[in-house]
Every structure is written in C-alpha cells, then in structure tokens.
Amino acid sequence: MANRVCEGDLKVSPLSAAGKHVVIVGGGDTGADCLGTAVREGAASVTQLDIYAQPGAERDEDSEPWPTYPKIYRLSAAHEEARELRTAPAADADARLFAASTLRFTGDERGNVRSLHLVEVDEQRLAVPGTGRTLPADLVLLALGFSGPDQEDGMIEQLGLALQPRGTIARDDGFATNTPGVFAAGDAARGQSLIVWAIAEGRAVAAAVDRYLTGRSRLPAPIVPTDRPMVV
Ligand SMILES: Cc1cc2nc3c(=O)[nH]c(=O)nc-3n(C[C@H](O)[C@H](O)[C@H](O)COP(=O)(O)OP(=O)(O)OC[C@H]3O[C@@H](n4cnc5c(N)ncnc54)[C@H](O)[C@@H]3O)c2cc1C
C-alpha cells in the first residue's frame, strides 16, 4: 500500500510519515524498508536505531570465513536515499544510530508520542554513562523482529497446532504438524527468514503432502525442515 501511495495511484494511506519526525527501532532489513518508505513519504526526519555496534567493513576470516554470510557494514538503497535527501539530522550520515538502546518515550497531553529517549550501549548491552539523548519522534515504527505466526485469528487454536518454544508451528521431519493432514512451511514454522527459504520450503512441503496423499512423490524436495544457512 505504501508503494502505491508513493507511486501516486492511491491517494489516501491510513498511516503516513509526511512531515513527521520518524524513529525506527530495529536495524534490520524490515527497518530499512520502513526507512525507505518514510523518506519517500516526505518525513521531516528519519532515524533508524540499531542495538548492535556498527559492523566493520571487512569480513572476519576467522569467525566468518567464506562462504558464510558475513556481518559487515552495508548501505542499502534505502540508506543511500536517506543520505541523499538529508532527512536524518539527528543520526549519522546514513540515518542510522548504532549501539542505541531505547529507554522510554514521552508524549503530549493527548497521548501522542513526541520524543524517544535512548542511550548508547556496550557489547554487553549495558548503558554507557553520559550517552543519553533525546530524539524528536512523532511516528515510531517497531521493526524488532518476527514474533511468530499470528495467534489471534484462531487458525492455530482451531486446528490445535502445537507450537515450538519461540512461537512458530511445530512440525516433524516431513513438515507434518501434530494434527493429521495439516502441514506447516515458511516463516510460520521456520521463523523469520528469506524468500529463497520460503520457496524451498514451499516446494519441499508440496512433495511431503504429495507423499502423504499418494504414498510416494517424485516432486523435488530441496530442503528438510531442519536445514539452516551455513554457519561456522
Ligand atoms: C518488511 C519485510 C521485508 C522483507 N524483505 C525481504 C527481502 O528483501 N528479501 C527476502 O528474501 N526476504 C524478505 N523478507 C522476508 C520474506 O518476506 C519472508 O521470509 C517470506 O515472505 C516468507 O514467506 P511465507 O510464504 O512463509 O510467508 P508470507 O509471505 O508471510 O505469506 C503468508 C501468507 O499467509 C496468509 N495468511 C496468514 N494467515 C492466514 C489464514 N488464517 N488463512 C489464509 N491465509 C493466511 C498471509 O496473508 C500471507 O499472504 C521481508 C519480510 C518483511 C516482513
């Protein structure tokens, strides 16, 4: 919807960053998407907070040898746009504040958020004395991570699906849940992930369902439920 508003083919958005001081809590890709949208909507300022320290520019060959995915400083297209449009007077040049932990919000007499108070943290996430600061904040977007499939629409409860400790749907080696005939794939079962994993899960679960229905399957099953990205 935000894309359609920015493209001009949808006039009204229920939520707009136009003219507002925007603070995004969360330094990941979802936060970057929020940042790009807020910049394009004409925010007065945009700041993205990341709890982690700014990563280095080079891969650490000891802890993250190729071909593992390295934690290095990356400038997404959204950050480049923010930098060009100079919408981040409160933050570093690319609109991000690293090692930043939110302490509290304050609002106006009508209950609207007006500012965010933060502090710099060390590697143990302990506050660094004397680093407290306040950012103007008319719109705060929480991009703090996937919290599991929505449990309020009743589907999980109605189907009696067991969950894993982190709130995702539990399944066995063949993608089957504890309810016969019900299979789970994608973020809802794997947890927060990427499109490539969702595609692989979709193909693999199709083969599992085919096997469940017909007793065998010749469909490709690129992954098993426990496959994970390569780590050291
Ligand atoms: C803001 C954001 C940015 C992202 N950016 C990237 C990126 O740049 N690159 C990348 O690779 N990944 C990205 N991801 C992750 C990627 O979107 C997911 O990993 C992927 O979409 C998971 O696919 P999925 O099919 O498991 O779930 P989804 O794509 O979430 O699809 C689930 C579908 O189920 C529907 N649904 C839910 N409940 C019910 C119900 N009861 N009945 C019927 N339908 C229902 C939902 O409406 C939805 O359409 C991003 C995620 C977010 C949130």
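Predicted model: local features only at pLDDT ≥ 70, side-chain atom pairs only at ≥ 80, totals over all residues.

User: How many helices and strands does the protein have, and in what order do the elements run?

Analyst: One begins by counting the elements and then follows the chain. The protein has six helices and seven strands. From the N terminus on, the order is α-β-α-β-α-β-β-β-β-β-α-α-α.

User: What box do the C-alpha atoms fill?

Analyst: Taken along the principal axes, the box is roughly 60 × 50 × 35 Å.

User: What share of the residues is buried?

Analyst: A residue counts as buried when its relative accessible area is under 20%. Of the 232 residues in the protein, 34% are buried.

User: Which residues have the most contacts inside the largest nonpolar core?

Analyst: In soluble globular proteins, nonpolar side chains tend to be buried together. Here the largest nonpolar core has 14 residues, and those with the most contacts inside it are Ala17, Val22, Ile24, Leu35, Ala38, Ala43 and Val46. Two or more residues of this core come from each of strand S1 (21-25), helix H2 (29-40), helix H3 (77-85) and strand S7 (139-142). H2 gives the most, with three residues. A second, separate core has nine residues, among them Val23, Ala100, Leu116 and Leu118.

User: How many positive and negative side chains are there?

Analyst: The protein has 23 positive and 32 negative side chains. The centres of these two sets lie 3 Å apart.

Methods. Residues numbered from 1 in each chain as written. Heavy atoms only, no water. Helix = DSSP H or I, 4+ residues; strand = E, 2+ residues; numbered from the N terminus. Buried < 20%, exposed > 50% of the residue type's maximum accessible area, 1.4 Å probe, protein only. Lys, Arg positive; Asp, Glu negative; His and termini not counted. Charge placed at Lys NZ, Arg CZ, Asp CG, Glu CD. Core = buried A, V, L, I, M, F, W, Y, C linked by side-chain atoms within 4.5 Å.
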